[in-house]
Amino acid sequence: MPTPTATIEYMKLSVSERIQLVEDIWDSIAAEAPDTVELSQAQKDELHRRVAAHRADPSTAIPWEQVRSKLFPSKP
């Protein structure tokens with residue numbers, strides 16, 4: 001459970017900065033204990049399905065810049 005001080009500090013960050021913080025924390029957990037974060041079979045199957053769909057028609061991919069501009073319209 002976060003301390004009240006920690007909550008106040010991270011809430012000062014912008015949404016994009018908090019998302020980056022979560023990504024950084026997740027990456028650090030995965031790096032420290034790669035075998036503890038496992039995908040379910042359904043998740044693996046979905047990833048394989050998506051890769052196959054992308055390989056079949058790469059033109060359906062959306063560039064990150066376009067996704068980011070929709071998620072964070074006020075950010076450059």
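What relative accessible area does Glu46 have, and does that count as buried, exposed or in between?

Analyst: Glu46 has a relative accessible area of 28%, and that makes it partly exposed. On this scale buried means under 20%, exposed means over 50%, and partly exposed is what falls in between, with a 1.4 Å probe and protein chains only. Before going on, keep in mind that this is a predicted model: local features need pLDDT of at least 70, side-chain atom pairs count only at pLDDT 80 or more, and totals for chains, interfaces and linings use all residues. Residues are numbered from 1 along each chain as its sequence is written, and side-chain values use heavy atoms, with hydrogens and water left out.

Now, what is Glu46 doing with its side chain? It meets Arg49 in a salt bridge, 2.6 Å from N to O; the term covers a side-chain nitrogen of Lys or Arg within 4 Å of a carboxyl oxygen of Asp or Glu. Arg50 also forms a salt bridge with Glu46, and there the closest N and O atoms are 2.8 Å apart. Put together, Glu46, Arg49 and Arg50 are linked in a network of salt bridges. Side chains of opposite charge can pair when their charged atoms come close.

Arg49 and Glu46 are separated by about one helical turn because they sit three residues apart in helix H3, residues 41-56. Arg50 and Glu46 lie in H3 as well, four residues apart, again about one turn of the helix.

The structure holds three salt bridges, and one of them joins Glu9 and Lys12, at 3.3 Å from N to O. Glu9 is partly exposed at 44% relative accessible area, and Lys12 is exposed at 60%. In total the chain carries 9 positive and 12 negative side chains, and the centres of the two sets lie 8 Å apart. For that tally Lys and Arg are positive, Asp and Glu are negative, and His and the chain ends are skipped; each charge is placed at NZ of Lys, CZ of Arg, CG of Asp or CD of Glu.

Zooming out, the chain has four helices and zero strands, giving the pattern α-α-α-α along the sequence. Of its 76 residues, 1% count as buried. A compact globule of 76 residues would have a radius of gyration near 11 Å, but this chain has 17 Å. That radius is taken over C-alpha atoms, and the globule rule is 2.2 Å times the number of residues to the power 0.38. The C-alpha trace spans about 50 × 35 × 20 Å along its principal axes. Val22 sits in helix H2 and is exposed at 54%. Thr60 is in the loop between H3 and helix H4 (64-71) and counts as exposed at 53%.

The chain exposes about 6800 Å², and carbon and sulfur atoms supply 62% of it; these areas come from the Shrake-Rupley method with a 1.4 Å probe, and for residues only the protein chains shown count as cover. There's a nonpolar patch on the surface too, with about 670 Å² of accessible area together, formed by Tyr10, Met11, Leu13, Leu21, Ile25, Trp26, Ile29 and Val37. Helix H1 (4-11) and helix H2 (15-32) are the elements that give two or more residues to it, and the largest share, four residues, comes from H2. Patch residues need over 30% relative accessible area and no salt bridge, with like charges joined within 9 Å and nonpolar side chains (Val, Leu, Ile, Met, Phe, Trp, Tyr) within 5 Å. Tyr10, in helix H1, is partly exposed at 31%.
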